[in-house]
Amino acid sequence: MAAGARLVAMRRRVRLSRVAVWAVVAAGPVALALAVTSTPTATVAVPQHPAGGAQSVTAVAADPAGYAQVFMAAWLRSSADDTATAQARLAQSMAPDVELPDPASDAQPGPVSVTAVRSAHTGTSTWLVTVAAQYADGTVRYFTVPVITNTAGTSFAVTAAPAVITGPGRAEPPESPYSVPVPEGELSSTVGEFLAAYLTGAGEVDRYLAPGMRLTAVSPAPFSAVTVRQISAIEEAAAGDAVPGDGTRVRIQAAATAQDNSGRWPLVYELTLTARSGRWEIAALTSTTAQGGGERS
(Lines give C-alpha, C1' and ligand atoms only; values in the text may rest on other atoms or scores of the structure.)
Protein backbone atom coordinates (compact mmCIF):
# COMPACT_ATOMS: atom_id res chain seq x y z
CA MET A 1 0.00 0.00 0.00
CA ALA A 2 2.85 2.42 0.79
CA ALA A 3 4.46 1.70 -2.56
CA GLY A 4 1.12 2.25 -4.30
CA ALA A 5 0.67 5.59 -2.54
CA ARG A 6 4.13 6.73 -3.68
CA LEU A 7 3.33 5.69 -7.27
CA VAL A 8 0.09 7.68 -7.22
CA ALA A 9 1.90 10.74 -5.88
CA MET A 10 4.55 10.46 -8.58
CA ARG A 11 1.94 10.24 -11.34
CA ARG A 12 0.17 13.30 -9.91
CA ARG A 13 3.45 15.31 -10.04
CA VAL A 14 4.04 14.28 -13.64
CA ARG A 15 0.54 15.38 -14.63
CA LEU A 16 0.97 18.70 -12.85
CA SER A 17 4.30 19.27 -14.62
CA ARG A 18 2.69 18.62 -18.01
CA VAL A 19 -0.13 21.01 -17.20
CA ALA A 20 2.38 23.70 -16.19
CA VAL A 21 4.38 23.30 -19.38
CA TRP A 22 1.30 23.52 -21.62
CA ALA A 23 0.16 26.56 -19.67
CA VAL A 24 3.49 28.27 -20.34
CA VAL A 25 3.34 27.40 -24.03
CA ALA A 26 -0.17 28.78 -24.24
CA ALA A 27 0.97 31.99 -22.55
CA GLY A 28 3.43 32.70 -25.35
CA PRO A 29 7.19 32.83 -26.04
CA VAL A 30 7.90 35.38 -23.30
CA ALA A 31 6.48 33.18 -20.59
CA LEU A 32 8.34 30.20 -22.01
CA ALA A 33 11.64 32.10 -21.84
CA LEU A 34 10.95 33.10 -18.25
CA ALA A 35 10.18 29.51 -17.36
CA VAL A 36 13.45 28.32 -18.90
CA THR A 37 15.57 30.98 -17.20
CA SER A 38 13.94 30.35 -13.85
CA THR A 39 14.67 26.62 -13.95
CA PRO A 40 17.18 25.72 -11.23
CA THR A 41 20.68 25.16 -12.63
CA ALA A 42 22.52 22.04 -11.65
CA THR A 43 25.85 22.57 -9.96
CA VAL A 44 28.74 20.85 -11.72
CA ALA A 45 31.52 19.73 -9.43
CA VAL A 46 35.00 20.61 -10.70
CA PRO A 47 37.39 17.70 -10.23
CA GLN A 48 40.14 18.45 -7.78
CA HIS A 49 43.61 17.43 -8.89
CA PRO A 50 45.80 15.99 -6.18
CA ALA A 51 48.56 18.14 -4.81
CA GLY A 52 51.69 17.94 -6.93
CA GLY A 53 49.72 16.79 -9.99
CA ALA A 54 50.63 17.81 -13.50
CA GLN A 55 47.85 20.39 -13.66
CA SER A 56 48.48 22.19 -10.39
CA VAL A 57 49.08 25.94 -10.78
CA THR A 58 51.06 28.16 -8.41
CA ALA A 59 50.14 31.84 -8.30
CA VAL A 60 53.07 34.22 -8.73
CA ALA A 61 52.99 37.79 -7.45
CA ALA A 62 53.18 40.58 -10.03
CA ASP A 63 56.57 42.24 -10.53
CA PRO A 64 56.49 45.61 -8.67
CA ALA A 65 59.50 47.15 -10.49
CA GLY A 66 57.49 50.10 -11.79
CA TYR A 67 56.01 50.78 -8.36
CA ALA A 68 59.45 50.82 -6.75
CA GLN A 69 60.73 53.14 -9.48
CA VAL A 70 57.95 55.67 -8.90
CA PHE A 71 58.50 55.51 -5.14
CA MET A 72 62.25 56.10 -5.41
CA ALA A 73 61.77 59.06 -7.74
CA ALA A 74 59.43 60.68 -5.22
CA TRP A 75 61.49 59.68 -2.16
CA LEU A 76 64.76 61.08 -3.54
CA ARG A 77 63.06 64.38 -4.33
CA SER A 78 61.46 64.66 -0.89
CA SER A 79 62.59 66.28 2.34
CA ALA A 80 61.64 65.53 5.93
CA ASP A 81 61.62 69.30 6.54
CA ASP A 82 58.77 69.82 4.08
CA THR A 83 56.31 66.95 4.06
CA ALA A 84 53.65 69.01 2.31
CA THR A 85 55.28 68.88 -1.14
CA ALA A 86 53.72 66.74 -3.82
CA GLN A 87 56.74 64.40 -3.95
CA ALA A 88 56.76 63.91 -0.18
CA ARG A 89 53.04 63.18 -0.10
CA LEU A 90 53.43 60.68 -2.91
CA ALA A 91 56.31 58.89 -1.20
CA GLN A 92 54.44 58.71 2.09
CA SER A 93 51.29 57.38 0.41
CA MET A 94 53.29 54.55 -1.14
CA ALA A 95 55.29 53.79 2.03
CA PRO A 96 53.52 55.20 5.11
CA ASP A 97 56.05 53.75 7.58
CA VAL A 98 59.21 54.86 5.73
CA GLU A 99 61.07 57.99 6.83
CA LEU A 100 61.83 60.72 4.32
CA PRO A 101 65.43 61.81 3.67
CA ASP A 102 66.80 65.04 5.16
CA PRO A 103 69.04 66.60 2.49
CA ALA A 104 71.35 69.49 3.35
CA SER A 105 70.50 72.94 2.07
CA ASP A 106 73.44 72.90 -0.36
CA ALA A 107 72.87 69.32 -1.57
CA GLN A 108 72.67 68.69 -5.28
CA PRO A 109 69.17 68.60 -6.78
CA GLY A 110 67.23 65.40 -7.10
CA PRO A 111 68.13 62.80 -9.72
CA VAL A 112 67.65 63.44 -13.41
CA SER A 113 66.25 59.95 -13.93
CA VAL A 114 65.32 56.92 -11.83
CA THR A 115 65.17 53.47 -13.44
CA ALA A 116 64.37 50.00 -12.11
CA VAL A 117 67.14 47.67 -13.30
CA ARG A 118 66.43 44.37 -11.55
CA SER A 119 63.69 42.58 -9.58
CA ALA A 120 64.28 39.63 -7.27
CA HIS A 121 61.35 37.54 -6.01
CA THR A 122 62.35 36.83 -2.40
CA GLY A 123 59.14 35.22 -1.11
CA THR A 124 55.54 34.42 -1.90
CA SER A 125 54.60 38.10 -2.02
CA THR A 126 57.88 39.91 -1.34
CA TRP A 127 60.30 41.46 -3.81
CA LEU A 128 63.58 43.33 -3.73
CA VAL A 129 63.83 45.84 -6.57
CA THR A 130 67.15 47.40 -7.57
CA VAL A 131 66.77 51.00 -8.73
CA ALA A 132 69.41 53.25 -10.35
CA ALA A 133 69.30 57.03 -9.80
CA GLN A 134 71.30 59.14 -12.24
CA TYR A 135 72.28 62.71 -11.31
CA ALA A 136 73.14 65.72 -13.45
CA ASP A 137 76.87 65.43 -12.71
CA GLY A 138 76.93 61.93 -14.25
CA THR A 139 77.04 59.94 -11.02
CA VAL A 140 74.76 56.94 -10.58
CA ARG A 141 73.63 55.60 -7.21
CA TYR A 142 71.98 52.22 -6.78
CA PHE A 143 69.30 51.36 -4.21
CA THR A 144 67.32 48.27 -3.27
CA VAL A 145 63.65 48.74 -2.38
CA PRO A 146 61.70 46.04 -0.47
CA VAL A 147 58.15 45.74 -1.80
CA ILE A 148 55.22 43.53 -0.86
CA THR A 149 52.42 42.76 -3.32
CA ASN A 150 49.36 40.59 -3.69
CA THR A 151 49.22 37.81 -6.27
CA ALA A 152 46.83 39.76 -8.51
CA GLY A 153 49.22 42.70 -8.75
CA THR A 154 46.54 45.16 -7.62
CA SER A 155 48.12 46.37 -4.39
CA PHE A 156 51.71 47.16 -3.41
CA ALA A 157 53.56 48.71 -0.51
CA VAL A 158 57.17 49.59 0.25
CA THR A 159 57.92 47.96 3.57
CA ALA A 160 61.20 49.63 4.60
CA ALA A 161 63.58 52.42 3.68
CA PRO A 162 65.81 51.86 0.64
CA ALA A 163 69.35 50.56 0.99
CA VAL A 164 72.33 51.92 -0.97
CA ILE A 165 74.28 49.13 -2.69
CA THR A 166 77.11 48.73 -5.17
CA GLY A 167 76.12 48.76 -8.80
CA PRO A 168 76.01 45.66 -10.98
CA GLY A 169 79.27 44.50 -12.49
CA ARG A 170 80.09 44.83 -16.17
CA ALA A 171 79.54 41.64 -18.10
CA GLU A 172 82.17 40.61 -20.62
CA PRO A 173 80.57 40.48 -24.08
CA PRO A 174 81.09 37.27 -26.04
CA GLU A 175 83.28 37.20 -29.10
CA SER A 176 81.41 38.58 -32.09
CA PRO A 177 80.35 35.98 -34.66
CA TYR A 178 80.76 38.62 -37.39
CA SER A 179 84.39 37.84 -38.19
CA VAL A 180 84.40 37.96 -42.01
CA PRO A 181 85.25 41.41 -43.45
CA VAL A 182 82.98 42.40 -46.35
CA PRO A 183 84.70 44.51 -49.06
CA GLU A 184 83.12 47.13 -51.26
CA GLY A 185 80.81 45.50 -53.76
CA GLU A 186 77.23 44.53 -54.50
CA LEU A 187 76.42 43.57 -50.92
CA SER A 188 77.82 46.75 -49.34
CA SER A 189 76.06 48.89 -51.95
CA THR A 190 72.74 47.19 -51.25
CA VAL A 191 73.13 47.66 -47.50
CA GLY A 192 74.11 51.33 -47.86
CA GLU A 193 71.23 52.16 -50.19
CA PHE A 194 68.76 50.26 -48.04
CA LEU A 195 69.78 52.06 -44.82
CA ALA A 196 69.60 55.40 -46.62
CA ALA A 197 66.05 54.64 -47.74
CA TYR A 198 65.11 53.28 -44.32
CA LEU A 199 66.48 56.19 -42.27
CA THR A 200 66.43 59.23 -44.58
CA GLY A 201 63.57 58.54 -46.95
CA ALA A 202 65.92 58.63 -49.95
CA GLY A 203 64.30 56.05 -52.21
CA GLU A 204 61.80 53.25 -51.69
CA VAL A 205 62.51 50.62 -49.05
CA ASP A 206 60.50 47.96 -50.90
CA ARG A 207 62.91 47.72 -53.80
CA TYR A 208 65.60 46.29 -51.50
CA LEU A 209 63.42 43.70 -49.75
CA ALA A 210 63.26 39.99 -50.46
CA PRO A 211 59.88 38.43 -51.35
CA GLY A 212 57.82 37.95 -48.19
CA MET A 213 59.65 40.69 -46.28
CA ARG A 214 57.48 43.60 -45.11
CA LEU A 215 59.10 46.73 -43.70
CA THR A 216 58.31 50.44 -43.79
CA ALA A 217 60.79 53.30 -43.54
CA VAL A 218 61.19 55.20 -40.27
CA SER A 219 58.72 58.09 -40.38
CA PRO A 220 59.27 60.93 -40.12
CA ALA A 221 62.79 60.39 -41.45
CA PRO A 222 65.15 61.07 -38.50
CA PHE A 223 68.35 61.67 -40.49
CA SER A 224 69.50 63.58 -43.52
CA ALA A 225 72.35 61.24 -44.48
CA VAL A 226 73.66 57.77 -43.61
CA THR A 227 77.14 56.42 -44.32
CA VAL A 228 78.08 52.76 -43.87
CA ARG A 229 81.56 52.58 -42.33
CA GLN A 230 82.11 48.83 -41.99
CA ILE A 231 80.36 45.56 -42.76
CA SER A 232 81.25 42.19 -41.26
CA ALA A 233 79.61 38.85 -41.91
CA ILE A 234 79.28 35.40 -40.41
CA GLU A 235 79.34 33.48 -43.69
CA GLU A 236 82.22 33.60 -46.15
CA ALA A 237 79.75 33.92 -49.04
CA ALA A 238 79.22 37.58 -48.12
CA ALA A 239 82.84 38.43 -48.96
CA GLY A 240 82.81 37.17 -52.55
CA ASP A 241 83.19 39.49 -55.50
CA ALA A 242 80.18 38.07 -57.34
CA VAL A 243 76.66 37.50 -56.07
CA PRO A 244 76.29 33.75 -55.33
CA GLY A 245 73.50 31.48 -56.48
CA ASP A 246 69.84 32.03 -55.68
CA GLY A 247 68.83 31.20 -52.13
CA THR A 248 72.22 31.88 -50.54
CA ARG A 249 71.69 33.55 -47.16
CA VAL A 250 74.23 35.58 -45.23
CA ARG A 251 74.07 37.39 -41.90
CA ILE A 252 75.91 40.68 -41.63
CA GLN A 253 76.52 43.50 -39.16
CA ALA A 254 76.71 47.02 -40.58
CA ALA A 255 78.29 49.91 -38.63
CA ALA A 256 76.92 53.22 -39.93
CA THR A 257 77.05 56.92 -39.11
CA ALA A 258 73.81 58.90 -39.35
CA GLN A 259 73.70 62.71 -39.65
CA ASP A 260 71.00 65.10 -38.48
CA ASN A 261 70.82 68.76 -37.41
CA SER A 262 72.10 67.93 -33.92
CA GLY A 263 75.16 65.93 -34.93
CA ARG A 264 76.41 62.51 -36.00
CA TRP A 265 75.20 59.26 -34.48
CA PRO A 266 76.96 55.85 -34.65
CA LEU A 267 74.46 53.07 -35.37
CA VAL A 268 74.81 49.31 -35.83
CA TYR A 269 72.36 47.06 -37.69
CA GLU A 270 72.21 43.29 -38.02
CA LEU A 271 70.67 42.10 -41.27
CA THR A 272 70.10 38.90 -43.19
CA LEU A 273 70.42 39.06 -46.97
CA THR A 274 69.51 36.52 -49.63
CA ALA A 275 70.77 36.23 -53.18
CA ARG A 276 68.23 36.21 -56.00
CA SER A 277 68.64 36.80 -59.74
CA GLY A 278 72.14 38.19 -59.39
CA ARG A 279 71.36 40.71 -56.62
CA TRP A 280 71.30 40.86 -52.83
CA GLU A 281 67.98 41.47 -51.04
CA ILE A 282 67.19 42.26 -47.40
CA ALA A 283 65.46 39.25 -45.81
CA ALA A 284 65.52 40.27 -42.12
CA LEU A 285 66.36 43.26 -39.96
CA THR A 286 67.06 42.63 -36.29
CA SER A 287 65.10 44.52 -33.59
CA THR A 288 62.27 45.73 -35.83
CA THR A 289 58.68 44.74 -36.50
CA ALA A 290 59.59 43.49 -39.98
CA GLN A 291 57.61 40.39 -40.86
CA GLY A 292 58.01 37.58 -43.32
CA GLY A 293 55.12 35.88 -44.99
CA GLY A 294 53.55 35.77 -48.41
CA GLU A 295 55.01 37.08 -51.61
CA ARG A 296 55.36 40.81 -52.06
CA SER A 297 53.36 42.31 -54.87
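The largest pocket holds about 380 Å³ of space. A pocket here is an open set of points on a 1 Å grid over the protein atoms alone, with protein on both sides within 12 Å along at least five of seven lines. Keep in mind that this is a predicted model: local features need pLDDT of at least 70, side-chain atom pairs count only at pLDDT 80 or more, and totals for chains, interfaces and linings use all residues. Residues are numbered from 1 along each chain as its sequence is written, and side-chain values use heavy atoms, with hydrogens and water left out.

**The largest pocket**
- Its lining is made of 17 residues, and Leu76, Pro103, Ala107, Gln108 and Tyr135 sit nearest the centre; a lining residue has an atom within 4 Å of a point.
- Helix H3 (65–76) and strand S3 (140–149) are the elements that each give two or more residues to this lining; helices (H or I, at least four residues) and strands (E, at least two) are DSSP runs numbered from the N terminus.
- By type, the pocket lining splits into 10 nonpolar, 4 polar and 3 charged residues, with Ala, Val, Leu, Ile, Met, Phe, Trp, Tyr, Cys and Pro taken as nonpolar, Asp, Glu, Lys and Arg as charged, and the others, Gly among them, as polar.

**The cavity**
- Searching the whole structure turns up 1 cavity of 30 Å³ or more, a cavity being a set of points where a 1.4 Å probe fits but cannot get out.
- The largest cavity has a volume of about 90 Å³, where volume is the space filled by probe spheres set on the points, and points are joined across faces, edges and corners.
- Gly185, Glu186, Leu187, Ala238 and Gly240 are the closest to its centre among the 14 lining residues.
- Helix H5 gives the largest share of that lining, 3 residues.

**The sheet**
- Five strands form an open sheet in the order S6-S7-S8-S9-S10, with antiparallel pairing; two strands pair if DSSP finds at least two bridges between them.
- S6 (180–181) and S10 (279–285) are at the edges with a single partner strand each, so one side of each has no neighbour in the sheet.
- S6 pairs with S7 (residues 225–233) over 2 bridges, and Val180 stands opposite Ala233 in S7.

**Thr272**
- Thr272 belongs to strand S9 and is buried, at 14% relative accessible area (buried means under 20%, exposed over 50%, partly exposed in between, with a 1.4 Å probe and protein chains only).
- Leaving aside residues up to four places away in sequence, Thr272 touches Arg249, Val250, Arg251, Glu281, Ile282, Ala283 and Ala284, with contact meaning heavy atoms within 4.5 Å.
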